[in-house]
Amino acid sequence: MKKLTFFCYAALLLLTISLSAQERDPIIQAIENEAYANSQLKTLAHELLDDIGPRLVGTPQMQQAHDWAVAKYKSWGIFAENQQWGQWKGWERGISHIDMVSPRVQTLKGTQLAWSPSTSTKGVTAELMTLPEIRDSISFQKWLPQVKGKFVMIAMKQPTGRPDENWKEYATPESFEKMKNEREAASKTWKENIERSGYDSRSIISALEKAGAVGIVDNNWSKGFGVDKIFGARTKKIPTVDIDLEDYTMLYRMVEHWDNPKIKVVAESKDLGAVPTSNTIASIKGTEKPEEYVVLSAHFDSWDGATGATDNGTGTLVMMEAMRILKKVYPQPKRTILVGHWGSEEQGLNGSRAFVADHPDIVKNIQAVFNQDNGTGRVVNINGAGFLQSYDYLSRWLNAVPDTIRRHIETTFPGQPARGGSDNASFVATGAPAFNLSSLSWDYWNYTWHTNRDSYDKIVFDDVQNNVILTAVLVYLASEEPNKTSREKIILPIDDKTGKPENWPVPRDPERNGGL
Ligand SMILES: [Zn+2]
């Protein structure tokens with residue numbers, strides 16, 4: 001009896017060893033080896049983020065990035081091209097330099113917003129003013145002429161420049177509560193004050209411009225030390241700048257105390273008329289089922305307050321490096337492997353929406369899309385996007401992913417179809433199985449997303465490398481899958497408003513003529 005048990009264990013052990021030996025798929029092993037031994041991530045990051053810089057739609061840097069990516073793919077022996085899908089207002093950011101020149105001199109931290117009209121090289125020097133307490137639209141109209149010749153500060157003075165986590169750590173609970181209540185009351189007062197003018201926080205800008213303001217000074221604080229979100233200007237002729245909270249609130253207090261601070265703003269830029277806007281598409285042709293596609297997806301454009309390192313430099317790096325590795329270790333895929341580096345995601349998923357509209361033949365034959373677009377962190381969440389059978393194929397693929405990577409990932413099945421947020425939504429809307437590889441935050445939302453601090457130094461290369469291997473393995477397995485993946489959709493939950501199940505999202509038209 002004892003002997004038999006021993007033999008049983010021995011047999012079991014042997015079986016286990018041979019199974020795990022079988023599980024070490026040589027291609028997956030090769031993907032890992034290439035990713036670790038020959039990583040190109042730092043070189044790619046340097047060339048894209050340091051040398052080319054931010055990639056705002058319509059800028060020469062966006063075009064430079066497209067051309068760089070095509071050249072890079074060609075150097076790896078991968079077919080690549082830029083596919084134009086529209087045109088956009090062309091603009092090139094020049095120098096932003098903001099100084100307080102009176103009552104004392106201090107160089108201020110700030111920058112012009114995207115598409116801001118240019119000043120001369122000498123800039124504009126003028127006094128600042130804040131919005132008054134507004135009683136009603138009539139009194140506001142009476143007050144308006146006073147903005148002539150002045151910079152107008154259009155953002156609330158924040159009560160603190162410390163992030164909430166910092167208060168939580170150090171303040172007494174009473175003091176933290178008090179600050180939050182004061183801040184909430186101040187925001188409410190600020191909003192209601194603007195509403196009484198007859199404008200909202202956007203339309204008031206053109207009223208100020210028409211009344212003769214020489215510039216708009218904004219502060220879009222991102223709730224962290226030294227971080228602001230930098231979006232587009234709404235002025236037609238006068239510059240719009242964002243000044244960091246630390247300096248903005250100082251100027252605001254000085255205005256309140258009748259110090260009459262004067263600032264000098266140099267905000268140079270070039271209006272370049274209409275320019276083409278494109279996606280960069282690269283592909284490795286399938287050998288058995290070339291008409292079926294596995295898609296790697298990451299938007300290529302960024303806002304331009306910094307260099308767009310985590311939105312979406314890191315997603316871009318993941319997809320490029322995964323393509324490079326796949327070409328090297330899996331050069332003859334069963335299905336065609338295609339990567340989309342989309343233009344103008346930030347203005348409404350425009351590049352990917354144009355792609356699905358222009359390539360119905362590809363879209364209907366998609367095996368899977370893997371999109372990454374929320375920062376530098378390792379992937380921690382994947383959801384089935386509302387495809388009923390996604391559990392079957394996605395979990396099988398994930399099972400083959402090396403445990404050092406898979407163990408961080410939580411899955412949700414069947415999940416919900418994405419309705420926006422990033423480019424996977426453009427594909428899901430057509431019924432194509434498109435999945436978001438969702439990253440650990442690393443303070444993405446406050447510190448890097450669309451901010452003036454979204455720069456190379458925030459990249460966590462180990463996590464990016466983790467995502468490269470994950471993506472390459474998933475793409476390889478999706479390509480090798482014997483059958484086409486199921487597109488069966490779940491029945492969506494009941495919509496409270498209609499009493500009927502929610503509808504599956506539908507494709508939306510891209511903006512093909514932006515800012516013109
Ligand atoms: Zn993004």
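**View 1. A lysine over a phenylalanine ring in the predicted model.** Here the charged end of K180 sits over the ring of F176, 4.1 Å from its centre. That label applies if NZ of Lys or CZ of Arg is within 6 Å of the ring centre and within 35 degrees of the ring normal. Keep in mind that this is a predicted model: local features need pLDDT of at least 70, side-chain atom pairs count only at pLDDT 80 or more, and totals for chains, interfaces and linings use all residues. Residues are numbered from 1 along each chain as its sequence is written, and side-chain values use heavy atoms, with hydrogens and water left out.

View 2. F387 and W504 have ring centres 5.3 Å apart and planes at 65°, so they make an edge-to-face pair. Rings of Phe, Tyr and Trp (its six-membered ring) pair if their centres lie within 6.5 Å; planes under 30 degrees apart count as stacked, over 60 as edge-to-face and the rest as tilted. By this rule there are 20 aromatic pairs. F387 counts as buried at 0% relative accessibility, and so does W504 at 13%. Buried means under 20% relative accessible area, exposed over 50%, partly exposed in between (1.4 Å probe, protein chains only). Ring pairs also link F370, F387, Y393, W397, F435 and W504 into a cluster.

**View 3. Strand β7 and its partners.** Strands (E, at least two residues) and helices (H or I, at least four) are DSSP runs, numbered from the N terminus. From β7 (residues 240–243), T240 and D242 point one way, V241 and I243 the other, and all are buried. β3 (residues 110–112) runs antiparallel to β7, joined by three bridges, with G110 opposite I243. β6 (residues 215–218) runs parallel to β7, also through three bridges, and D218 faces D242 there. Two strands pair if DSSP finds at least two bridges between them.
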